[in-house]
Amino acid sequence: MKKINLFLIGLCMFTVLPAQKVYKLDASNVMETPLYGHFKMGNPGPKDKAIEINSLYMTIGGKPMLPVMGELHFSRIRKDLWEDRILKMKASGINVIATYLFWNHHEEIEGQFDWEHEKDLRSFIKLCGKHGLLVVPRLGPWSHGEARNGGTPDWILQKKYLKDRSNDVVYQNYVKRYFSQIAKQLEGLYYKTGGNIIGIQLENEYWYGKAGEPHIQWLKDLALENGIDVPMYTVTGWGDGSVPPFEVIPLWGGYADAPWVEHVGKEYQPGNFLFDSFRDNKNIGNDQIDHQGVYMTYEKYPYFTCEMGVGVQNTYHRRLCIDPLDGLGMIIAKLGSGSNLLGYYIYAGATQFTGKLWSTEEDQVKTGYWSRLPVKSYDFQAAIRESGEIAESYKKVKKLHYFVNEFEKDITPMMPVIPKWEEDGLQVAVRSNNESGYLFGINYSRYYPKKEQKNVKFEVNLRDKVLRFPRKGIEMQDSTVFIWPLNVELDAMCINYATAQLMGSVDNCYLFFQNKQVPVEFSLDKKTVKSVEASQARIKEESDCWVIDELNPGKDCILKVQLQNGKEKFIIVLTEKEADNCWLLEQNGKKQCYLSEAGLYSSLGDIYMFSIDKKVTYCKLQAGITPSFKEKVAVFHQPEVGIRVEPKGILEEAKWLETANFNNIEPYQQRYRRFFFKEFNLDNPSGIKKVTLLLYPESKCTLNLNDTWVNQEVKPNQLNEIDLTGYASKGINTLFASFPFVEGKKQFAARVIVEYYNYDRIDFSTDDSWLTTDYYSNPSLTREFPRPVAPVIVELPTFAKDLAYETFKEWSIQVPTDALRELNNIYMRIKYSGDKAELYNGYMLSDDDYNSHATWTVGLNRQEHSVEGKNLQLVIYKLDKDEKIFFDLPDNGSDEKAAIKSIKFNFECKQKID
């Protein structure tokens, strides 16, 4: 009876307390024994460091490994900038670099292979090896990567008796030749002989299921015939990607949004932020086919990813802004779901370099591909932006990578426990080896603000203990994501649980950080911990543990832990912002911890800092008996670089030529005309895309190009836009303009803009070379005509500067000679209204942007060709009011006019620090 009364009292007490939400997970019996020996991979390398793959994970020297792989496209980044991007990737915890090969970058013209300069695959792989990074080339031959024809050369597709991406004998013949070229680049760089190539990918998004297996098998056999012998052969698995059984490993991915979908509304994909054992993602790709039925199951394959996007590439009709938390939320969802290779696409933004014959981007208009992309920019909102700048998303995932790099041997074998998800609840999962593990949580979803989770507690069953925590229910705000340790032993210090995330260690210090505003609480097992000291915390000794709470996270929040074995350990709890700015780097063979808002990386034992600030305060952890962060200051010498930006009139560079200056016209000249001739060559190897004549005449005018009359009306006293595309031809062209004699003074000015399919552009205006003559009849091929002479150039009319051309506006950007001599980079940041912007360096398109209403940042040191001492031309086009485009950020109704809202320059310096 007494027990019943106590129960009733407890029940009454419970009913008056705020409702608690207890997430219960049983992780006490989840481990699986991996299946070994069923994959038909290549040479794993020397026995003591052999790379092998089982049904759950990869091992190196028999020990579990969890690679962090990031994509960088060597042929889309200038060769002298490769090292900068490689070091930035390594500094964020990337230890494997994946890179696409685009066939049309290396054999744009049939039989003419190019492996030089930025196309030098061999040098790129060796440079990665110099800095201790492994490499996975993605060979194709079809790669996609938002490249023209997915990387397939035009000349392949133009052949009538060839079927590409198949076992067609003609196609195979050309692929054999291409693979033999690749093999020459890779020779001697394989892991088996001490190199750093550990795998390759065959094809990409080969969505043919069982029917496509013979082609994938043929590609693998061809690779092996050419000596491409690696520990791992992969394909992409989504969309029923073809997987010859156990011959290749299918890899997976996910993106926060879908720039390729047809509609122009928000694309809701909450599933990206859920823990789920299903590996496919129907939201990857462009024109992916919905397949019926199940092609195959994957329980005997490890869960590896290769295309997790911290960003996406904008397309013309979808202008997206990806939140830094989007990538972090998705990668934590994959890791918590059991992924044992974290692969990002794309990690370092790049540039579509100019082809000889064509531009190299995925093209909707000319090739009929799915999406319309910027011609040059492949920024992808990546962790390292196209400009070379590190993004906020880089900092978000960096701290996760540090954790994975250090604790991969423990995490990798752990199996996931994924409870049924609740639509409005906190998403949780556990990875466990039965005895210990990590709790994963996500309270975030793109476009879906998550409600605050109140009074949350957790109960996790492990084999030998049940963990109930925290002591007091906590609140989980929207945008909270975390990974917390469960009964984890860190060098003889057992942490029962912590409501703070483990990042890594330096000497005797373990680094944790607070997630959002979640109160931090630790429980340390007394079997391993003798005592705990802290200057600002509440420490409670219980029968079997030490409970530490009421901590104030920050670099001075340090717990001193005396272990039962006599050793001392320290726990440092950083704020989330401090963790974002935390760098764990190697200095002279020893790991060091820095806190800095500036960027850092390590190169061959030295630490370098890069920043746009003239003065940077940073901290370095001094480990030892009394660890602390020592504050230091770096001062940068920023030279004065005067870059001038000036608006440019539509006919600013044109000379005004006299078409008439008569008081009285003689009777015999009443029907005379004044002719102006301009000869010009169009010898670019690419085809002519468009030729436009901008003409302002003060009298009637007729036009002839290449002995063909231009049948378009020319109106006096206004700016005329004349399309000459169908009249122009490769080689020499002759344009003449004919003006009737009229009394008074008359003049004209003109400008011709020629655009090619490789997006080169030549631009010339009226000047002394527009020769003139007066005559009664028109020029003819069959009659002799008076030789023209130099024109009369007149003063600029008063209205010339006010001439308006609404289609686009232009600005001149004058970059001084040696502007970058003492700088690491110059960032040009432009806010503008309009549809799109283009930056020209001479006749070459150097950069471009689809306006997303975010600031467009251009790195001046990363352009395809040097900008120093150049007069760059910025062109901004207005948006047609009838265009159907989705914008993540509002436009405020101003895009129908092309204008610069603001433009500024940041100067980045780099120096070695201690």
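Analyst: Axes here are lines fitted to C-alpha atoms, for helices over the stretch in contact, with angles running from 0 to 180 degrees between N-to-C directions, and helices are DSSP runs (H or I, at least four residues) numbered from the N terminus, strands being E runs of at least two. This is a predicted model, where local features need pLDDT of at least 70 and side-chain atom pairs pLDDT 80 or more, while totals for chains, interfaces and linings use all residues. Residues are numbered from 1 along each chain, and side-chain values use heavy atoms, without hydrogens and water.

User: OK, how do α8 and α10 cross?

Analyst: The axes of α8 (residues 324–336) and α10 (residues 392–411) come within 7 Å and cross at roughly 25 degrees. That makes α8 roughly parallel to α10 (the term for angles under 35 degrees).

User: Which residues of α8 meet α10?

Analyst: Pro324, Leu328, Ile331, Ile332 and Leu335 in α8 meet α10 residues including Leu400 and Val404, contact being heavy atoms within 4.5 Å.

User: Switching topic, what volume does the second largest pocket have?

Analyst: Its volume is about 840 Å³, taken as the space filled by probe spheres set on grid points joined across faces, edges and corners. On a 1 Å grid over the protein atoms alone, a pocket is an open set with protein on both sides within 12 Å along at least five of seven lines, a cavity is a set where a 1.4 Å probe fits but cannot get out, and lining residues have an atom within 4 Å of a point.

User: And which residues lie nearest the pocket's centre?

Analyst: Of the 40 residues lining the second largest pocket, Arg372, Lys689, Glu755, Lys836 and Tyr877 lie nearest its centre.

User: How many cavities are there?

Analyst: The count is eight cavities of 30 Å³ or more, and the second largest cavity, with a volume of about 70 Å³, has residues such as His105, Arg148 and Trp358 in its lining.

Conventions:
Angles under 35 degrees count as roughly parallel, over 145 as roughly antiparallel, 65 to 115 as roughly perpendicular and the rest as oblique.
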